[in-house]
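Let us take a walk through this model together. Please have the sequence and the 3D view open as you read.

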Amino acid sequence: MSSVAARVFFRGCRSLLAPASRAAATSSVLSSSRSVSTVAAGGAKKSAAKPKAKPKPKSKPDSLTKKTPRTTGIFKATPVSPALAHFLGTGETTRTDAVKEVWTYVKSHDLQISKALSVLSLNPADKREIFCDEKLKQIFEGKDKVGFLEVTKLLSTHFVKTA
């Protein structure tokens, strides 16, 4: 060990072994060059280091943050069947908007909980099933009950394929 390293090591050890008043004096000398933990009179550790302020991230120009709406795939507006058009109120829509409208209708009319099942207490909290009313039966091939994973599959038949 070199003499400089030995002096620094010895000063560090001496400040740790010194009484509390002397440790505070020597730690102020050492804290100017690096972070040092000193033992206060109460026995709790105090950190003498100051946290560095992180630079703020640069904001992107407005032209890069605005995204253009997608018009392909499921985001493409396509004509729909008359039954779905009657339900949605429009003759052309995207697949995502159609699914959103169906779920809005289901939640607003409480069609995830069957009144008959809640009386019999046969798992009324199973929200994976949709109990179809007359309006939904026209869209979902006359089924009384539809699983939530079947919704997109049953709606896909109502979208007219365009070439």
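A word on the ground rules before we start. This is a predicted model, in which local features need pLDDT of at least 70 and side-chain atom pairs count only at pLDDT 80 or more, while totals for chains, interfaces and linings use all residues. Residues are numbered from 1 along each chain as its sequence is written, and side-chain values use heavy atoms, with hydrogens and water left out.

Let us begin with helix 5, residues 95-108. Helices (H or I, at least four residues) and strands (E, at least two) are DSSP runs numbered from the N terminus. Helix 5 has 14 residues, and from its first C-alpha to its last it reaches 20 Å, close to the 20 Å expected at 1.5 Å a residue; the expected span is 1.5 Å times one less than the number of residues. Which residues of helix 5 are buried? They are Ala98, Val102, Tyr105 and Val106, where buried means under 20% relative accessible area, exposed over 50%, and partly exposed in between (1.4 Å probe, protein chains only). Looking down the axis of helix 5, you will see its buried residues fall within an arc of 100°, so they line one face of the helix. That arc is taken from the directions that run from the helix axis to the C-beta atoms. On the face turned away from the buried side, helix 5 carries the exposed residues Lys100, Lys107 and Ser108.

What do the buried residues of helix 5 pack against? Their partners are helix 4 (82-88), strand 4 (92-93), strand 5 (129-131), helix 7 (134-139) and helix 8 (151-156), with contact meaning heavy atoms within 4.5 Å.

Next comes the aromatic pair. The structure holds 1 of these, and rings of Phe, Tyr and Trp (its six-membered ring) pair if their centres lie within 6.5 Å, with planes under 30 degrees apart counted as stacked, over 60 as edge-to-face and the rest as tilted. The rings of phenylalanine 87 and tyrosine 105 have centres 5.2 Å apart and planes at 80°, so the pair is edge-to-face. Since phenylalanine 87 lies in helix 4 and tyrosine 105 in helix 5, the pair ties together parts that are 18 residues apart in sequence. Phenylalanine 87 is buried at a relative accessible area of 11%, and tyrosine 105 is buried at 12%.

Now for the charged side chains. A search of the whole structure finds 4 salt bridges, each a side-chain nitrogen of Lys or Arg within 4 Å of a carboxyl oxygen of Asp or Glu. One of them joins lysine 145 and glutamate 129 (3.9 Å, N to O). This pair links distant parts of the chain, with lysine 145 in strand 6 (residues 145-147) and glutamate 129 in strand 5, 16 residues apart. Lysine 145 is partly exposed at 43% relative accessibility, and glutamate 129 is partly exposed at 25%.

Another salt bridge brings lysine 137 and glutamate 134 together (3.9 Å, N to O). Being 3 residues apart in helix 7, lysine 137 and glutamate 134 are separated by about one helical turn. Lysine 137 is partly exposed at 23%, whereas glutamate 134 is exposed at 60%. Glu134, Lys137 and Asp144 are linked in a network of salt bridges. Glutamate 150 also forms a salt bridge, with lysine 143, and their closest N and O atoms are 3.1 Å apart.

Where does histidine 158 sit? Look in the segment after helix 8. Histidine 158 is buried, with a relative accessible area of 10%. Its side chain makes a polar contact of 2.7 Å with that of serine 81; such a contact is a pair of N or O atoms within 3.5 Å, where, within protein, one must be able to donate a hydrogen and the other to accept it, and residues adjacent in sequence count only if both atoms are side-chain atoms. The side chain of histidine 158 also reaches the backbone oxygen of isoleucine 139 at 2.7 Å.

Finally, visit two loops. Aspartate 110, in the loop between helix 5 and helix 6 (115-120), has a positive phi of about 50° although it is not a glycine. Glutamate 141, in the loop between helix 7 and strand 6, is not a glycine either, yet has a positive phi of about 55°. Glutamate 141 is exposed, with a relative accessible area of 53%.
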